[in-house]
Amino acid sequence: MPKKTTSKKINSDNLLGDISQKYANKPLDLLLSNAIIRKNIIKFADKKIRADLLKDKNYPYKVREDKYYMGRSMILAMDEAFRKAKNAPMVRKALVNSFIQNNFLKKKPQVEEFKKQFGFCPPGFLTIAPGKFCNLRCIGCYANSSSASAEKLDWDILDRIVMEKTNLWGSYFTVITGGEPFLYESQGKTIIDLAKKHQDNYFLIYTNGTLINNAMAKKLAEVGNITPAISVEGFEKETDERRGKGVHKKILQAMENLREAGVPFGISITATKNNADWILDDKTFDYYFNKQGAIYCWVFQFMPIGRSTSLKLMVTPKQRVKMFRQHQYLVKNKKLFVADFWNSGTVVDGCISAGREGGYLYIDWNGKISPCVFNPYSPLNINEVYKQGRTLNDVINAPFFKAIRSWQKEYYLEKGPEEKGNMIMTCPIKDHYEMLRGLIDKYHPEPMDETASQALKDSEYKKGLIKYHDQLAEATDPIWEKEYCQRCKKCEK
């Protein structure tokens, strides 16, 4: 039996202990505002992460390299965040306490308790869309948002979700999406209030950026534990075509406001068949990282859900390989923190959905819980779960979620380095639709909207995604076999 893989943690005693003792009277966040001290910590952390990952023989050698380069890029992004937050004390404090210590260094008894009870480690975070309301109508938006929609989670429910995941799972990272999160309000409470109440969590908020004026940027700096990921489609022409005329100018103003306030921010990009060939070009990243001050980027490949089930906008297998190469170049050579939710599979051990160890679940504005943001089939509703006196722990073990986790284990998680399935294509709904469709037909999770329901009745939709799997396997299997598995055999000799 191959040895079961485990995620590694950096030893906080080695990394921060000596510095904390030497400067015992100074807060750590203040120390990390010192560029020389940060440089020494980065040097140590880089060396330790590289040593720990490259000796972990549970993975092919090149997977270990991918993990190292991504870890390095995250460290450098954190360095940028501290540099830019020189005059934002609450931002520095949250970066140290809420993000670094709570998510990477802190011992979490909740994790051990969960593992003792259920036999596996809990998810690392949740993605929550607390409200459907949005001030834009973007073409193909997965949230199907519109200004006429008012569905939202009650504040008490939202607050309980964040509290429970922290107390039950030791989860201190929360992703907020929408609709437009900065429009959410319930019982007089907003997303800012959520972050203020849960200072132990660090919040990544996907936003269109149009509401981040000077006052909002100052609020974000004051609360400290929020980083906005602002959606762009490329440059002004492409962004305005999808999001509306004048939106790009508002985005640039939002970025200026955030820079002045010292709030770290990033961008999120949706790749389609129409822009996949250039969206990850150096020019794009030079513009947003070097000129506008972004420190990270999330890449979403268009999924045939939301307002349209058309497969025509999907990134083609050939384009996906090109994006895979460019993504690795940006992370390895340019040292940028860029995560592609489909092409970063080797970094995060494949699909992170369905509440797997270190992964996540998605909860929408109606309380429906699904494996991920892009898999719109829900076996449970959090409102009903709470009415029945149950908790998030009961959600985790829904049969539909357990079945997806079983597939994840069989495909790559519990396989030896040479037996793992192709980790370049690990998305259940996009890369392995026939498998997922079998689970949907067996467990009958509820479609989260009418479009998701129609997709189950559309035979051409099913045929198209199965064909996509075959074409993607043809394009990426040789890369996995030759560059990962065969290299693994050579490197371990």
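Lysine 165 touches Leu126, Gly170, Ser171, Tyr172, Phe173, Thr174, Asn201 and Leu392, leaving aside residues up to four places away in sequence. The model is predicted. In it, lysine 165 is buried yet has no salt bridge. Strand S3, residues 202-207, is largely enclosed by the rest of the structure, because six of its six residues are buried. Glutamine 301 also counts as buried, because its relative accessibility is 1%.

**Lysine 165**

- Lysine 165 sits in helix H7, which covers residues 155-169.
- The nearest side chain of opposite charge belongs to aspartate 200, and it is 7.7 Å away. A salt bridge needs a side-chain nitrogen of Lys or Arg within 4 Å of a carboxyl oxygen of Asp or Glu.
- The side chain of lysine 165 has a polar contact of 2.8 Å with the side chain of serine 171.
- A polar atom of the lysine 165 side chain also lies 3.0 Å from the backbone oxygen of phenylalanine 173.
- Serine 171 and phenylalanine 173 are both among the residues that lysine 165 touches.
- Threonine 174 is another residue touched by lysine 165. Threonine 174 has phenylalanine 203 as its bridge partner in S3.

- S3 pairs with strand S2, residues 173-176, in the parallel sense over four bridges.
- Between S2 and S3 the chain passes through helix H8, residues 191-197, and this β-α-β crossover is right-handed.
- S3 also runs parallel to strand S4, residues 226-232, and five bridges join the two.
- Isoleucine 205 stands opposite proline 228 in S4.
- Helix H9, residues 214-223, makes a right-handed β-α-β unit with S3 and S4.

**Glutamine 301**

- Glutamine 301 belongs to strand S6, residues 297-301.
- Its side chain makes a polar contact with the side chain of aspartate 340, at 3.3 Å.
- Leaving aside residues up to four places away in sequence, glutamine 301 touches Ala271, Val315, Arg320, Met323, Asp340, Trp342, Asn343 and Lys430.

Conventions:
Residues are numbered from 1 along each chain as its sequence is written. This is a predicted model: local features need pLDDT of at least 70, side-chain atom pairs count only at pLDDT 80 or more; totals for chains, interfaces and linings use all residues. Side-chain values use heavy atoms; hydrogens and water are left out. Buried means under 20% relative accessible area, exposed over 50%, partly exposed in between (1.4 Å probe, protein chains only). Two strands pair if DSSP finds at least two bridges between them. A crossover is right-handed if, with the strands pointing away from the viewer, the path from the first strand over the helix to the second runs clockwise. Lys and Arg count as positive and Asp and Glu as negative; His and the chain ends are not counted. A polar contact is a pair of N or O atoms within 3.5 Å; within protein, one must be able to donate a hydrogen and the other to accept it, and residues adjacent in sequence count only if both atoms are side-chain atoms. Contact means heavy atoms within 4.5 Å.
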